[in-house]
Amino acid sequence: MLLKKNIFSCLAFLFLLSVSHAQNNVYLSLSSAGKKRSDIAIDNFTASDRNANSIKYAKLFKDVIENDLILSRYFNIMREASEYIGDNISEKLSYFAKAGSAVLLSASVSSSNEDSISIEITMFDVESGGVIWSEKHKGNVSDYRYIAHEASDEIVKRFIGDTGIARTKIVFVNNCTKHKELYVIDYDGYNIRRLTRDDKINILPRWSPVGDKIIYTSYLYNNPDLFYLDIVKNRRGIISKYQGLNATGVFSPDGGAILLTLSRGNFPNLYLINASGGILQKLTAGSCIDTSPSFAPNGQEIVFISDRFGYPQLYIMNVAGGNVKRLSTNGFCDSPSWSPRGDKIVFTMRRGKSNYDLYIYDLPTAKITRLTDQQGKNENPSWSPDGRFVAFCSNRSGKGEIYIMAIDGSGTRKLTEIPGNSYTPAWSPVLAK
Amino acid sequence: MNKIITLGLAGLFVFAVGCKRQDIKHDATDSIETVAFNDEPSVRGDSEISSDLKIAYFDFDKSDLTGESLEILKENASYLSKKPSLKIVVEGHTDNRGTSEYNLSLGQRRALKVKDYYVNFGIAPNRIATISYGSEKPVIDENNDAAWAKNRRAETKTLNK
């Protein structure tokens with residue numbers, strides 16, 4: 001608690017340093033608000049060169065950034081901003097001061113030619129009228145959403161201290177073509193792109209730690225092999241193709257190894273392999289089911305499921321396969337995922353005759369919190385890189401769809417409207433363009 | 001030795017970058033061989049259902065062979081023992097009530113139980129491959145007892161190569 005306060009004080013101090021005219025502790029109150037959200041007023045984004053292209057993108061940038069700030073759940077957006085007409089900045093500031101906002105986000109957009117666009121973000125301290133910071137983001141017009149997300153992440157970082165998650169994507173499986181194919185979509189539900197066109201079964205996608213690759217299991221050659229897609233180089237290949245299962249593959253946090261379930265003519269067990277499929281270590285043995293591994297962010301421990309005592313339960317062990325410990329759950333569990341901060345495990349569990357719901361196991365306290373409450377079958381949770389949200393699959397609407405919710409149980413939203421059933425989302429790290 | 005060669009083959013198979021940006025396409029030059037292990041034949045390439053081979057069914061969340069399944073597998077096994085050149089794949093399947101990851105392993109365990117039965121009957125283990133589809137390939141894509149019962153199965157298919 002004290003540490004947290006100190007961090008915020010430091011942040012506030014840094015802000016004050018960068019602001020020549022700031023006189024009060026407005027940034028402190030913004031960032032130390034904790035669960036209480038802060039008000040941020042958003043001015044109309046203007047086209048500084050009055051170019052038609054700039055006017056068009058000023059509107060588009062504003063929509064993306066405003067939505068990012070809402071989705072971050074750190075801010076309340078003061079919508080009066082968009083109704084205010086006027087060019088005088090001191091008039092604007094006094095307007096927003098009366099409206100009760102501490103900060104005003106303003107931006108001007110310019111385009112030197114048809115293909116490039118730049119946006120200069122300026123954050124004002126409403127009370128003092130000082131500029132808190134001003135920063136330019138630019139790039140190709142076709143990347144305008146990415147440029148806007150970059151600006152949003154910067155805003156979150158300046159106020160909260162953690163990098164935002166606006167530059168993330170979610171990969172998932174959808175069967176609208178009657179076959180399970182991979183799709184990728186921005187975290188805000190835009191820019192959906194189909195990744196595979198195999199007319200075969202593709203399942204369980206996961207990202208590499210830097211987000212350049214996606215690994216998944218495919219029946220392309222009639223055996224469940226582990227594939228990779230290099231989405232930067234636009235390439236694909238097979239990593240592991242032992243006879244039988246090559247499934248539930250996940251990268252180690254350093255990206256150097258992959259943990260997966262192999263059957264190899266025998267009962268399915270967990271193995272650690274290298275990037276070319278060579279076996280580094282067999283981690284479990286026996287005729288029980290050991291699967292669904294997830295690494296702790298330190299790369300030293302693994303959570304997985306095993307039915308060694310009759311039904312699938314959560315277990316933790318170290319990467320050498322030792323020190324196996326059962327977590328105290330009492331239903332059928334699967335899909336555990338270790339949080340990016342290392343203190344929580346989200347998983348799906350069915351108790352008795354009920355449906356699968358999402359739960360969070362808090363490691364320091366061993367307390368279990370329920371996230372979803374019998375709205376259909378809720379499965380395959382995947383953490384946002386900041387550890388504040390999970391993406392998951394639910395059939396609550398009558399078909400399988402991807403949803404995102406905050407881990408305090410609030411703000412559930414459907415990621416997108418798409419035909420067919422969607423399954424097994426995996427949230428990317430913050431991505432480079 | 002064989003393992004090393006096929007592991008090498010498992011490395012790069014890449015495809016032209018010049019394709020449409022929308023889709024990542026696969027390359028037909030991928031090696032068709034599986035890493036050989038435990039004397040199982042590769043199931044790469046097509047398999048087909050032989051009308052002489054029957055499907056064994058399982059109880060919910062179980063991989064034990066039921067009395068009914070044992071009767072069916074006995075028929076399959078005696079057919080296979082008369083055709084010693086035939087290689088087969090046993091595909092394990094589940095209903096959709098569990099989770100997808102667990103079901104993949106459950107299907108694999110069902111396939112293995114069937115393979116074990118055939119081996120105990122006298123079929124050479126190196127004629128039998130096992131794979132699992134988990135709940136990914138239902139016979140009847142519905143949510144009711146009748147559909148679930150039909151989907152919890154192990155299919156024995158001949159490898160046509």
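Predicted model: local features only at pLDDT ≥ 70, side-chain atom pairs only at ≥ 80, totals over all residues.
Reader: What makes a residue of chain A count as buried, and what percentage of the 433 residues are buried?

Author: A residue is buried if 20 or more other C-beta atoms lie within 10 Å of its own. Of the 433 residues in chain A, 47% are buried.

Reader: Why is the set that includes A:Ile170, A:Ile215 and A:Ile258 called a nonpolar core?

Author: The name applies because its members are buried residues of the nonpolar kinds, joined through C-beta atoms within 7 Å. This largest core has 77 residues, and A:Ile170, A:Ile215 and A:Ile258 touch the most other members. A second, separate core has 33 residues, among them A:Phe61, A:Ile119, A:Phe124 and A:Ile155.

Reader: Which residues beyond four places in sequence are in contact with A:Ile170?

Author: They include A:Ile185, A:Tyr187, A:Ala391, A:Leu415 and A:Trp427. Each is in contact with A:Ile170 because contact requires C-beta atoms within 7 Å.

Reader: How do you know that β23 and β24 of chain A pair?

Author: Pairing takes at least two bridges. Seven bridges join β23 (residues 344-350) to β24 (residues 356-362) in antiparallel fashion, so the two strands pair. Within this pair, A:Ile345 stands opposite A:Tyr361.

Reader: Why do β22 and β25 of chain A stand at the edges?

Author: The antiparallel open sheet has the order β22-β23-β24-β25. β22 (332-338) and β25 (367-370) each have a single partner strand, so one side of each is left without a neighbour in the sheet. On average, neighbouring strands here are turned by 30° against each other, direction ignored.

Notes:
Residues numbered from 1 in each chain as written. Chains lettered and ligands numbered in written order. Buried ≥ 20, exposed ≤ 12 C-beta atoms within 10 Å, placed from the backbone. Contact = placed C-beta atoms within 7 Å. Helix = DSSP H or I, 4+ residues; strand = E, 2+ residues; numbered from the N terminus. Axes fitted to C-alpha atoms, helices over the stretch in contact; angles between N-to-C directions.
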